[in-house]
Amino acid sequence: MGQQQKGQGGSISSKDELGKIKDQKLIRLDAYVKGKWVSATGNKRFEVTDPGTHQTLGHVADMDAHDVSKAVDAASDAFGEWSKITAKERASLLRKWYDLIVANTDDLARLLTLECGKPFTEAAGEVDYGASYIEWFAEEAKRVNGDVLPTTNNNSRMVVLKQPVGVVGVVTPYNFPSAMITRKVSAALAAGCTVVIRPACETPFSALALCELAERAGIPPGVFNVVPCSKENTPEVGKELTTNPKVRKVSFTGSTNVGKLLMSQASSTMKKISMELGGNAPFIVFEDASIHEAAEQLLFCKFRNSGQTCVCANRIYVHDKVYDEFVSVFTSLVKEKLCIGHGLAPSTNFGPMITNHGLAKTEEHLQRAVKAGAKVVVGGNRANIEAGGDFFEPTVLVNVNNDVPMTCEETFSPLCPIYRFSSEEDVVRCANNVSVGLAGYFFSRDVGRIIRVAESLEVGVVGVNTGSIESEVAPFGGVKQSGVGREGSRYGIDDYLNIKYLNVVF
Ligand code: SIN
């Protein structure tokens, strides 16, 4: 088993690192409702820790269902005015919010690394990526066009209007504490909706910092509300956001199981929904691909955020003819290029697991695969890093059985199983033989194959000769049990709009 670079970070003090944030007002511990920073009923708070050290970062307001219903009232009261100001005015406020985020990237990235563990440069990349959605939707706000239809009667006109849906409940995950908020909220605000945001209990700081900047940008009271809560309060808060009749839409990014629960709750009041759920991305390397290019791309696609993204390569299929070469090139890259450590240590490019249940799941998936005959080529252990958090080595496996959880489910971990295949037909069948379909990747230089395989993969997003698919310009979302709706792009704003048809007879 090969050795990887590790031990980066020394003994880090999370509190000292928080102290390095230049604008300390970005560190907010209260909720934000109706334009005011407020505590929870009974001043209840929950602890947030740095996954890279397990040290406490702070105690944040623990909102319950009653607190959330007040935030929904505030968003509902603010909706009338916000939806009626011109799109140009909303665009200008969004643009100011974008400018403030860009100006504060370093502070926001440091906060993000501290609560979620991802390496600082990756965190800065997320802040930038998240901000790009705000810039995009500030422009799109001005392009919400209706239609005038060819009339079926000369004494009438048929008109289609697009109107904001109303209050949106936004529920976001811990793996992208910044970008999942901006991607949803910027589209919602651009459309004229107001929002109540429940950030993940592990990572509320980025949400609250974004809120502080939204307030500074001049987004009016009640339009933007943030209601953090603990793991214990999460079910009741989720229920309130999905059943309160004043909430007209729910937008969620997270696991398929939680998505199903929220969707069934939202059906009680027939809310509009956007669900961006789990994936199990195939990453296919055909025999005509550039092996080095594919291996480099896999390194990023698999190990970004230590394997904790829903678009991560989860099952790697390599053609029999190039299998041995690919495994050898890829494992050398893993050993040479990945450096495990606390996300704020300068050389780190591979951070901790965000949660300890994520670590436990990684170990369970690994043990079950090994028991069924898999061989670990590199990694395979917890990494003992001086900083003290939950680290697991980037791990490459071969001879992995098709029936183990690592193959059938999203691992959300740095486990990288590499399977063999020998025909295009077989590999496409395997790739599609799962209940989810978010992202898929393949490498080939054969034009006919590129079209055939891209059209056959049952996913919402395909990377061809690349492991990178994110862009504010492109529609993001899945098929099958990976969800409903699209985010980003010119399609993304539609999820926050209702269509109204007017038949005007004169
Ligand atoms: C996710 O993996 O959770 C979101 C992926 C992205 O937008 O990059």
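So, residues 37-501: the end C-alpha atoms of that span sit 40 Å apart, and the span is 40% helix and 22% strand. UniProt, in an unreviewed entry, lists those residues as "domain: Aldehyde dehydrogenase". Keep in mind, everyone, that this is a predicted model.

Let's go to helix 4, residues 105-116. With 12 residues at 1.5 Å a residue, helix 4 should span 16 Å, and its end C-alpha atoms are 16 Å apart, so the two agree. How many of its residues are buried? The count is 11 of the 12, so helix 4 is largely enclosed by the rest of the structure. Just after helix 4 comes Gly-117, with a positive phi of about 90 degrees.

Okay, the core. The largest nonpolar core has 115 residues, and the ones with the most contacts inside it are Trp-97, Phe-224, Phe-326 and Phe-330. Take Phe-224: leaving aside neighbours within four places in sequence, its contacts include Trp-97, Tyr-32, Leu-189, Val-195 and Ile-219.

Next up, Ala-188, which lies in helix 6, residues 179-191. Buried or exposed? Ala-188 has 0% relative accessibility, so it counts as buried. Beyond its neighbours within four places in sequence, Ala-188 is in contact with Val-168, Cys-193, Val-195 and Tyr-496. For a sense of distance, Ala-188 and Asn-233 are 45 residues apart in sequence and 25 Å apart in space, C-alpha to C-alpha.

Last stop, the largest pocket. Its volume is about 1,200 Å³, and 43 residues line it. Nearest the centre of the pocket you'll find Phe-252, Gly-254, Ser-255, Thr-256 and Val-258. Which elements each supply at least two residues of the lining? Those are helix 8 (234-243), strand 11 (247-253), helix 9 (256-266) and helix 12 (356-371). Helix 9 gives the largest share of the lining, with 7 residues.

That's my tour; over to you.

Definitions and conventions:
Residues are numbered from 1 along each chain as its sequence is written. This is a predicted model: local features need pLDDT of at least 70, side-chain atom pairs count only at pLDDT 80 or more; totals for chains, interfaces and linings use all residues. Side-chain values use heavy atoms; hydrogens and water are left out. Helices (H or I, at least four residues) and strands (E, at least two) are DSSP runs, numbered from the N terminus. The expected span of a helix is 1.5 Å times one less than its number of residues. Buried means under 20% relative accessible area, exposed over 50%, partly exposed in between (1.4 Å probe, protein chains only). A nonpolar core is a set of buried Ala, Val, Leu, Ile, Met, Phe, Trp, Tyr and Cys residues joined through side-chain atoms within 4.5 Å. Contact means heavy atoms within 4.5 Å. UniProt positions are given in the numbering used here, feature names are shortened, and annotations may be inferred rather than shown by experiment. On a 1 Å grid over the protein atoms alone, a cavity is a set of points where a 1.4 Å probe fits but cannot get out, and a pocket is an open set with protein on both sides within 12 Å along at least five of seven lines; lining residues have an atom within 4 Å of a point. Grid points are joined across faces, edges and corners, and a volume is the space filled by probe spheres set on the points.
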